[in-house]
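Hi,

Here is the structure I promised to pass on.

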Amino acid sequence: QLSQWNCLRIHQAGVDYARLAANYGQNVNQDWKDRLQAATAMCDQAKKETDLKAAAQSACCAWGDVLMQQRECCNVPGPPYCTNPTDSKLGH
C-alpha cells in the first residue's frame with residue numbers, strides 16, 4: 001500500500017503540473033520533466049518488485065528523493081513544488 005500511495009502521489013503531481021501549465025501557459029521546465037520521468041520509472045520498477053519492503057522503499061525514494069529532492073516543506077504549494085531550495089522560507 002505504501003508503494004501504491006507514493007506512486008499515486010507522483011502520478012497526481014504530473015497531472016497537476018500538466019494542468020497548471022495548460023491553464024496558465026507556463027513552460028514545463030526540463031528539470032521537473034526529468035525528475036518526474038525518473039520517479040515514474042522507479043514506480044514502474046516498484047510495481048514489478050516481488051519483495052513488498054523493496055517495493056515500498058523504491059516508491060518512497062521515488063517521491064521523496066527523486067521528485068521532491070528530499071524537501072517536503074517548501075515555498076511552492078503545488079507542482080513543481082520545490083524549484084529552488086534557497087527560495088524557501090520554511091525549514092527543510
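A disulfide, for what follows, is a pair of cysteine sulfur atoms within 2.5 Å. By that cut-off the structure holds one. Keep in mind that this is a predicted model.

First, the overall layout. The protein chain has three helices and zero strands, running α-α-α from the N terminus on. Of its 92 residues, 33% count as buried. If you take the contacts between residues at least 6 apart in sequence, 51% of them join residues at least 24 apart.

Now back to the disulfide. Which cysteines form it? Cys7 and Cys43 do, with their sulfur atoms 2.1 Å apart. The pair links distant parts of the chain, since Cys7 sits in helix H1 and Cys43 in helix H2, 36 residues apart. Cys7 is buried, and Cys43 is buried too. The torsion about the S-S bond of Cys7 and Cys43 comes to about -100 degrees, so this disulfide is left-handed.

What about Cys60 and Cys61? The cysteine sulfur closest to that of Cys60 is the one in Cys61, and at 7.0 Å it is too far for a bond. Cys60 has a relative accessibility of 30%, so it counts as partly exposed. Cys61 is also partly exposed, because its relative accessible area is 25%, and the cut-off for buried is under 20%.

On to the core. The largest nonpolar core has 15 residues, and those with the most contacts inside it are Ile10, Trp32, Trp63 and Leu67. Helix H1 (2-24), helix H2 (30-48) and helix H3 (52-67) each supply at least two residues of this core.

How do H2 and H3 pack? Their axes come within 8 Å and cross at roughly 175 degrees. That makes H2 roughly antiparallel to H3, because angles over 145 degrees count that way. On the H2 side, the residues in contact are Trp32, Arg35, Leu36, Ala38, Ala39, Met42, Cys43 and Ala46, and they meet Ala55, Ser58, Ala59, Cys61, Ala62, Val66 and Leu67 in H3. By class, this contact of H2 with H3 has 13 nonpolar residues, one polar and one charged.

Two residues of H3 are worth a click. Ser58 lies in this helix, and at 18% relative accessibility it counts as buried, given that the cut-off is under 20%.

Is Asp65 buried or partly exposed? Its relative accessible area is 38%, so Asp65 is partly exposed. With residues up to four places away in sequence set aside, Asp65 touches Cys60 and Gln70. Asp65 and Arg35 are 30 residues apart in sequence, and their C-alpha atoms are 9.6 Å apart in space.

Cheers

Terms used
Residues are numbered from 1 along each chain as its sequence is written. This is a predicted model: local features need pLDDT of at least 70, side-chain atom pairs count only at pLDDT 80 or more; totals for chains, interfaces and linings use all residues. Side-chain values use heavy atoms; hydrogens and water are left out. A nonpolar core is a set of buried Ala, Val, Leu, Ile, Met, Phe, Trp, Tyr and Cys residues joined through side-chain atoms within 4.5 Å. Buried means under 20% relative accessible area, exposed over 50%, partly exposed in between (1.4 Å probe, protein chains only). Helices (H or I, at least four residues) and strands (E, at least two) are DSSP runs, numbered from the N terminus. Axes are lines fitted to C-alpha atoms, for helices over the stretch in contact, and angles run from 0 to 180 degrees between N-to-C directions. Angles under 35 degrees count as roughly parallel, over 145 as roughly antiparallel, 65 to 115 as roughly perpendicular and the rest as oblique. Contact means heavy atoms within 4.5 Å. Ala, Val, Leu, Ile, Met, Phe, Trp, Tyr, Cys and Pro count as nonpolar, Asp, Glu, Lys and Arg as charged, and the others, Gly among them, as polar.
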